[in-house]
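Reader: Please go through the terms used for this model and show what each one rests on.

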Amino acid sequence: MLEVREVIVVEGRYDKNALSQVVNAVILETGGFGVFNDKQKQKLLRSLAEKRGLIVLTDSDGAGFVIRNFIRSCVDPALVKHAYIPDVYGKERRKSKASKEGKLGVEGMRPETLLEALRRAGASFVGEETEAKAAAITKADLYRLGLSGGEGSREKRLRLLKALDLPEHLTANALLDVLNALLTPKELIALADNPPDTGE
């Protein structure tokens, strides 16, 4: 089992259980929206971020992004990496019905999907050398490629997110961080010009 140096932050105990089957790491639960009023947990997150760094891995639904953005506001963003699971529709086995948005959460993801999400976020795996890519893609690049600020940019951006197996709720800043972790500017240009057929 791979060991991750950073502390991984998830929403609840079922997410923690699923992730603990995949990696050896300190995994901290937010208790869903409970973190909003829990000053001690917020302080703990800041302390852990300073000592080891954090990786936030929430569900890809709207609620997951609200929690992710809250953590972004109370912890130094330079100490936080964001791991994203793809939008996969369905329901977890333990639940009687699907979530409000109909998407699987962290607990419903396959182990290889969770591992890939952590790799894409730049997790530090103990015993593995990782090369950090220079952040070379800019907001101006997204605009030039028609991925932001223009007519049809939302649709083009959604096609790109689908091609990269990323959730649709990504903000422009989060998209920029993810693209810089995954692609060179040249690769982005090629992908934006010719997105792969996603079968839809």
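Predicted model: local features only at pLDDT ≥ 70, side-chain atom pairs only at ≥ 80, totals over all residues.

Author: Residues are numbered from 1 along each chain as its sequence is written, and side-chain values use heavy atoms, with hydrogens and water left out.

Reader: Why is the pair of F36 and F70 called tilted?

Author: Rings of Phe, Tyr and Trp (its six-membered ring) pair if their centres lie within 6.5 Å; planes under 30 degrees apart count as stacked, over 60 as edge-to-face and the rest as tilted. Three aromatic pairs are counted by this rule. For F36 and F70 the centres are 4.8 Å apart and the planes 50 degrees apart, so the pair is tilted.

Reader: What makes F36 partly exposed?

Author: Its relative accessible area is 26%. Buried means under 20%, exposed over 50% and partly exposed in between (1.4 Å probe, protein chains only), so F36 falls in the middle class.

Reader: How do you know that the charged end of R94 sits over the ring of Y14?

Author: The term requires NZ of Lys or CZ of Arg within 6 Å of the ring centre and within 35 degrees of the ring normal. R94 is 3.6 Å from the centre of the Y14 ring. R119 also lies over a ring face, that of F125, at 4.6 Å from the ring centre.

Reader: What makes β2 and β5 a pair?

Author: Two strands pair if DSSP finds at least two bridges between them. β2 and β5 have three, in the parallel sense, so they pair.

Definitions and conventions
Helix = DSSP H or I, 4+ residues; strand = E, 2+ residues; numbered from the N terminus.
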